[in-house]
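Trainee: I've got a model open and a few things I'd like to talk through. Shall we take it piece by piece?

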Amino acid sequence: MIKAMLLAGRGGFVGTCGRYLVGKWCAGMWHGSFPMGTFLVNIIGCFIIGLFFGLLEKAHVMTPGENVLLITGFCGGFTTFSSFADDMWVLGSKGDWTTFILYLALSVILGVLLVWGGRALIR
């Protein structure tokens with residue numbers, strides 16, 4: 001378990017550094033109000049987690065350690081949105097539309113409300 005946590009941490013460090021660099025690059029390149037840095041890491045992370053899960057499911061070329069390093073660690077450090085998007089894909093592919101809609105709505109609505117609540121509490 002400690003080894004897996006260290007692998008996840010190592011991957012998370014690299015993912016977090018990547019997120020930081022993409023954010024800084026976007027801040028220098030994009031001057032509008034659209035949060036381009038966050039948007040880019042989220043969509044890139046979704047594509048990367050799709051590739052990793054595709055390799056895992058189709059070709060079985062990832063070891064459990066690589067899974068923890070790349071999916072949990074790197075993708076988790078780069079963006080947790082990628083895990084959310086993959087959860088949504090799994091629910092949709094199973095045809096579990098009630099859970100799909102509930103998870104989507106609760107995640108977005110409660111997420112925004114809780115960010116507002118946390119900020120309001122500190123003010």
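Trainee: How far does H3 reach from its first C-alpha to its last?

Mentor: Keep in mind that this is a predicted model. H3 has 15 residues, and at 1.5 Å a residue you'd expect 21 Å. The reach in the model is close to that, at 20 Å.

Trainee: And how far apart are the end C-alpha atoms of helix H1?

Mentor: Helix H1 runs over residues 2–29, which gives 28 residues. At 1.5 Å a residue they should span 40 Å, and the model agrees. The end C-alpha atoms are apart by 40 Å.

Trainee: Stepping back, what pattern does the protein follow along the sequence?

Mentor: There are five helices and zero strands. The C-alpha atoms fill a box of roughly 45 × 40 × 30 Å along the principal axes. Read along the sequence, the pattern is α-α-α-α-α.

Trainee: Which helices are included in what covers the buried residues of H1?

Mentor: Start with who needs covering: the buried residues of H1 are Leu7, Ala8, Gly11, Gly12, Gly15, Val22 and Cys26. The cover over them includes helix H2 (36–59) and helix H3 (64–78).

Trainee: What about H3, which helices does its cover include?

Mentor: The buried residues there are Ile71, Gly73, Phe74, Cys75, Gly77 and Phe78. What covers these residues of H3 includes H1, H2 and helix H4 (81–93).

Trainee: What share of the 123 residues in the protein is buried?

Mentor: Buried here means under 20% relative accessible area. The accessible surface of the protein comes to about 8600 Å², with 74% of that belonging to carbon and sulfur atoms. As for the buried residues, they make up 24%.

Trainee: How many disulfides does a search of the whole structure find?

Mentor: A pair of cysteine sulfur atoms has to be within 2.5 Å to count. A search of the whole structure finds no such pair, so the number of disulfides is zero.

Trainee: Is histidine 60 buried or exposed?

Mentor: Look in the loop between H2 and H3, where histidine 60 lies. Its phi is positive, about 50 degrees, although histidine 60 is not a glycine. Most residues other than glycine have a negative phi. With a relative accessible area of 60%, over the 50% cut-off, histidine 60 is exposed.

Trainee: What is the area of the nonpolar surface patch that includes Val108?

Mentor: Valine 108 belongs to helix H5 (residues 97–122), and it's partly exposed at 45% relative accessible area. The patch is made by Leu102, Leu104, Leu106, Val108, Ile109, Leu110, Val112, Leu113 and Leu114. Its area is about 840 Å².

Trainee: Last one: what distance separates the C-alpha atoms of isoleucine 101 and glycine 117?

Mentor: Isoleucine 101 is found in helix H5 and counts as exposed at 56% relative accessibility. Glycine 117 is 16 residues apart from isoleucine 101 along the chain. Their C-alpha atoms are separated by 23 Å.

Note on methods: Residues are numbered from 1 along each chain as its sequence is written. This is a predicted model: local features need pLDDT of at least 70, side-chain atom pairs count only at pLDDT 80 or more; totals for chains, interfaces and linings use all residues. Side-chain values use heavy atoms; hydrogens and water are left out. Helices (H or I, at least four residues) and strands (E, at least two) are DSSP runs, numbered from the N terminus. The expected span of a helix is 1.5 Å times one less than its number of residues. Buried means under 20% relative accessible area, exposed over 50%, partly exposed in between (1.4 Å probe, protein chains only). Contact means heavy atoms within 4.5 Å. Patches are made of residues with over 30% relative accessible area and no salt bridge: like charges are joined within 9 Å, nonpolar side chains (Val, Leu, Ile, Met, Phe, Trp, Tyr) within 5 Å. Accessible areas come from the Shrake-Rupley method with a 1.4 Å probe; for residues, only the protein chains shown count as cover. A salt bridge is a side-chain nitrogen of Lys or Arg within 4 Å of a carboxyl oxygen of Asp or Glu.
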